[in-house]
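Work through the two exercises below with the structure open. Each task is followed by a stepwise solution.

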Amino acid sequence: MQVFNFFLKCFLLSVLVLSSLHCQGKLPSEASIQGDPVSKVHLNTLQHQGYSVVEPVWDFFWNRYIEPGAIQSSAPERLKPDFRVQGMRPWTRLPGTTGKGYASYRTLLDLPQGRPIAFILSQQLTSARVYVDGQLLASDGHPGTSETNTEPSRGELYFEYTPRKPRTEIILHIANFHTFRGGLRAAFEIGWPDKIKTLQNRRDFLEILATGFLGAIAFYNLFLFWMQRREKAYLVFAFLCLSFALRIPLLGERTIHDIWPELNWEWQYRFNMTLNILSPPLMLMYFRGLFPSALGRIPFAILLSVCGAFVVTLIADTAVLAMLMYGYYLFVAGPVLLICAYIVLIRSFQEAGSTRIMGFGMVIVCIFGLLAIFQNWQSREGAADLAVLAFVSFGLFQGIGVAQRHKESLENEKALGIRLERSKEALIHQRQSLENDLHDTLGSKLVDLQIQLSRELGPGNSSSLLQTRVAEINDLFRGELLFMEDLEFASREPTTGIQLSLLRRYSDSGRELIFQCERPDALDRALSDDALRMDFLQLTRELCTNDLKYGTGESVWRLAATSDSLLLSQKNRIRNEAAAAPIYARTEPEEEPETHLAVHARKRAGKMGGVTRVRILGESYCFRAKLPY
């Protein structure tokens, strides 16, 4: 309940954050539209570092495509811009504009002449083309005037140009009919071509490195899950890291197009949104798998239901979907991130080792993640980098924590195994001592009593019934001692122990035994559990007792082990005098006999979770059992 109250507080906080973000979404600074829009270029930085970020000033023309050279050849009042804006911001904050539409941006740059310069404009919303001094040098998608003739894309505008005059004119045509915001985005960068190429290669390398790092963590945790199937948290964490790894190329522009240049924009966009929706519930499932008592079932079900409700939005129009995703980030993903951090931090104060590593990592992830949501809402260029840092930080610290937790689990299992082995050895010594005491004391007393009764009463005495009772008790006592020995031997070699136990009992009764075992190694592995081996040995003992009491001739036993079950089959002939006994009442062939047939063996098999079938065909009796393990 405390965690659920914390979720409500996070929800209210998210509402306040959304309201503050909306209030901060004021118009870009506007200057009086006089003269030409000249952007600021840091020439000293360009000369010394070979790379610089432009601080652009744009003339903005709403729902108009300004052709190159039109400004100089037309009357100024006919091509007067609607606004003069600064920076790289969507047009949705300008009055009179809507998310869907098209526009032109125009600026002038003072660049050094006679030397090639590379330009980078990243991820414009959502299709663009660029003209430099009247030349079409790059395009991404196809800007149109309506949704039908506009082809969206999510790529990088890269081109090279050699200025021939002091002032260079750049015109951008941008169209958006597929997301709820349109216009400029990210940074406007220039530099010497070799420097820009090096910068691009470094970015590609970091993007591929981050993707490969998270992918490696995902496959490593799949391997951990394969080793410890009961740890479902490893499997969930693997899928979570894999979802992050798949999202990183989609946050950039280059690697996804290098891998799959013909990828449709809409499918790419919807796939990215699907991964966004899946991440919060996977994170909840992961931490609840690690700490089951930290979040109750009802709050957990409510959170998963809220996340699942957003899956329906994937069928919506992409513009509506994009708007709903921002609501999902603020009202679901952000609070879920805080809840998970809260769960881990609370546990980190109670537990040391891996939990504290996870808690420290979640603090860093929360900082990067919430900043990424804020930057994305503000359309700032650092949002994607912050998101990647959040993904990598999560994978790094949680991966270290999971590996440490796995190591701790193995150490605990090893320590528990040592304690169990010591307890087992102590029980063996105690059982051997008990066997020796019983054999040396009670056993010898029973033998002495039987001899003394035989001498004093004589064979013709009417009290011979007492001798019979003493003899039965002595045989029963001897059988229990031998069974204890069988248990000890079977604990080391289960299949051989069962075979020797049956062989001894049938030999004592003058009966033949045919013992068949398929895949004895698999059977030994299946019977490695002490409780299962004890029950299975008791089952074979009860079947053997039943056969020795009512059967005759040779007895056929078959044992086998499949991937998940133990198979047991026992057949024998019925003695003539036992054929009429109620316990062997005949039924029609292939029909199940009365439930009182082999009742003890069937009850034991039922307690073991197995199924049995008992049949009598003519003079033959057959018992079959399938027992899970």
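**Exercise 1.** State which strands helix 4 lies across, then describe the sheet that they form.

Solution. Helix 4 (residues 193–227) lies across strand 1, strand 5, strand 8 and strand 10 (188–191), contact meaning heavy atoms within 4.5 Å. Its direction is at about 160° to strand 8; axes are lines fitted to C-alpha atoms, for helices over the stretch in contact, and angles run from 0 to 180 degrees between N-to-C directions. Helices (H or I, at least four residues) and strands (E, at least two) are DSSP runs, numbered from the N terminus.

Last, one pair. Strand 5 (residues 117–122) and strand 8 run antiparallel and are joined by six bridges. Leu 121 has Leu 157 of strand 8 as its bridge partner.

The model is predicted: local features need pLDDT of at least 70, side-chain atom pairs count only at pLDDT 80 or more, and totals for chains, interfaces and linings use all residues. Residues are numbered from 1 along each chain as its sequence is written, and side-chain values use heavy atoms, leaving out hydrogens and water.

**Exercise 2.** Is Arg 511 buried or exposed?

Solution. Arg 511 sits in the loop between helix 13 (494–508) and strand 11 (513–517). Its relative accessible area is 12%, so Arg 511 is buried (under 20%; exposed is over 50%, partly exposed in between; 1.4 Å probe, protein chains only).

Notes. Two strands pair if DSSP finds at least two bridges between them.
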